[in-house]
Amino acid sequence: MARVNILIAGVGGQGIITAGKIIAEAGNYSNTKVLIAETHGLAQRGGGVNIHVRIGDVNSPLIPLGKADYLVGLEATEVLRNLNYASRKHTTIIINNYVVRPVLPKVRLLSLQEVLDKLKGCKVYVIDANQIAINAGNIKAANAAILGFLYSLGAFEGLINEESFIKALKYESNIKAFKIAQVIKINGIDINGI
């Protein structure tokens, strides 16, 4: 059986942990082993949150450093904070077009372009998951949009099918965001800068 390692990062309130639970539930519907491990500090205060998602032939929930197949950031600067889990050659990075002011005083806010400049040499996709969620009818569906885009990249191929994701997403706005994000990739629209 194949194996996929996905690290999803963001800030408190973005549905990072919920995204991991959706993948785990979809895996359950597809009879696929999914292990998750969440880490969060001051998440309720806008602090960083990440979740390790390991699918398939895995025995530990934590992704080894440099072994993430996908690094997903619902907040752009959180990708930089978790870059040690990525390999510049093998990891696909998906970034939501969204930057949050750091909670610590005197910490400079990086622009999306500055984040992208630090990722030169990496395979990076930028999507506006927040706008997709708004178009789907619920801003909180940004995590579902990210999962839909991830699905369209083939991240779950042979492991978790679309029907299982639809069951796990439950709410109409989540399902709609998931499907809109898939269409963006399927239609070959240039998603960089959306």
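**Entry 1: helix α5**

I began with α5, which is mostly covered: nine of its 11 residues are buried. I took buried as under 20% relative accessible area, exposed as over 50% and partly exposed as in between, with a 1.4 Å probe and protein chains only. Helices here are DSSP runs of H or I with at least four residues, strands are runs of E with at least two, and both are numbered from the N terminus.

The model is predicted, so local features need pLDDT of at least 70 and side-chain atom pairs count only at pLDDT 80 or more, while totals for chains, interfaces and linings use all residues. Residues are numbered from 1 along each chain as its sequence is written, and side-chain values use heavy atoms, with hydrogens and water left out.

I listed the buried residues of α5; among them are Asn-143, Leu-147, Gly-148 and Phe-149. After α5 comes Gly-154, with a positive phi near 90 degrees.

**Entry 2: α4 against α5**

I looked up how α4 (residues 129-136) sits on α5: the axes come within 8 Å and cross at roughly 110 degrees. That makes α4 roughly perpendicular to α5. The axes are lines fitted to C-alpha atoms over the stretch in contact, with angles from 0 to 180 degrees between N-to-C directions; roughly perpendicular covers 65 to 115 degrees.

I then listed the residues that meet, with contact taken as heavy atoms within 4.5 Å. Ala-129, Asn-130, Ile-132 and Ala-133 of α4 meet Ala-142, Ala-145 and Ile-146 of α5.

**Entry 3: nonpolar cores**

I used the core definition of buried Ala, Val, Leu, Ile, Met, Phe, Trp, Tyr and Cys residues joined through side-chain atoms within 4.5 Å. The largest nonpolar core has 44 residues, of which Ile-6, Ile-8, Ile-23 and Ile-55 touch the most other members. Helix α5 (residues 142-152) gives the most to this core, with seven residues.

I checked Ile-8, setting aside neighbours within four places in sequence: its contacts include Ile-16, Ile-23, Val-53, Leu-74 and Leu-147. Another core lies apart, with 17 residues, including Val-79, Leu-110, Leu-112 and Leu-119.

**Entry 4: Ser-30**

Is Ser-30 buried or exposed? I found Ser-30 buried, with a relative accessible area of 17%. Ser-30 lies in the loop between α1 (16-29) and β2 (34-40).

Beyond four places in sequence, I found Ser-30 in contact with Leu-159, Ile-160, Asn-161 and Ser-164. Ser-30 and Leu-159 are 129 residues apart in sequence, yet 7.3 Å apart in space from C-alpha to C-alpha. I also noted a polar atom of the Ser-30 side chain 3.2 Å from the backbone nitrogen of Asn-161.

Key: Polar contact = N/O pair within 3.5 Å; in protein donor to acceptor, adjacent residues only side chain to side chain. Parallel < 35°, antiparallel > 145°, perpendicular 65-115°, else oblique.
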